[in-house]
Amino acid sequence: HYCFGVAQMSNPTASQKRWLEYVSEMPCVATGFQMTQTHHIWGRETKVKGVGNIGHWAILPIWYCLHDVAYSKDHEYSVTHAKNAFEAKYGTQAELWVAMYEAAVLDDSFDNEDLPSYAVVAAIENYRR
């Protein structure tokens, strides 16, 4: 996979690192294509009062042609350059995240101890920038 990896994240917990590794192995949540990059929905440092940093949890595997700054600039559904068009076609990023999270809950290969807490899930579902 072509992704940025853990090194760019500032101070992730061990569970957040495992979540990133898990998500980075998934196909794109929008297209199902491989060759994804890890997309931080609202940025790595997004915090919610009473919950803390959700930025390390609120990530999606996005096909590089819809995410990479260089490749996606001309793509009409780029999450980076045309977020509204992307969300009109594929659903909101929070909706895509919730569907991905629900699949992870059912995935026996991922340790449920490393899943985001219910408070984090609710914060991501309800986050408004």
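Relative accessible area is classed as buried under 20%, exposed over 50% and partly exposed in between, computed with a 1.4 Å probe on protein chains only. The structure is a predicted model, in which local features need pLDDT of at least 70 and side-chain atom pairs count only at pLDDT 80 or more, while totals for chains, interfaces and linings use all residues. Residues are numbered from 1 along each chain as its sequence is written, and side-chain values use heavy atoms, with hydrogens and water left out.

By these classes M35, at 46% relative accessibility, is partly exposed. M35 lies in the loop between α1 (14-24) and β1 (36-40), where helices (H or I, at least four residues) and strands (E, at least two) are DSSP runs numbered from the N terminus. Although M35 is not a glycine, its phi is positive, at about 60 degrees.

The packing of two helices was examined next. Two packed helices are described by the angle between their axes and the distance between the axes. Here, axes are lines fitted to C-alpha atoms, for helices over the stretch in contact, and angles run from 0 to 180 degrees between N-to-C directions. The axes of α5 (residues 93-106) and α6 (residues 118-126) come within 9 Å and cross at roughly 150 degrees. The two helices α5 and α6 are therefore roughly antiparallel to each other; angles over 145 degrees count as roughly antiparallel, under 35 as roughly parallel, 65 to 115 as roughly perpendicular and the rest as oblique. On the α5 side, A94, W97, V98 and Y101 meet Y118, V121, I124 and E125 of α6, contact being defined as heavy atoms within 4.5 Å. By class, this contact has 7 nonpolar, no polar and 1 charged residues. Ala, Val, Leu, Ile, Met, Phe, Trp, Tyr, Cys and Pro count as nonpolar, Asp, Glu, Lys and Arg as charged, and the others, Gly among them, as polar.

Within α5, Y101 is buried at 9% relative accessibility. Leaving aside residues up to four places away in sequence, Y101 touches W19, L115, P116, Y118 and V121. Between Y101 and Y118 there are 11 Å from C-alpha to C-alpha, at a sequence separation of 17 residues.

The structure holds 0 disulfides, a disulfide being a pair of cysteine sulfur atoms within 2.5 Å. For C28, the nearest cysteine sulfur is that of C65, 10.0 Å away, which is too far for a bond. Both cysteines are buried: C28 has a relative accessible area of 4%, and C65 has one of 15%.
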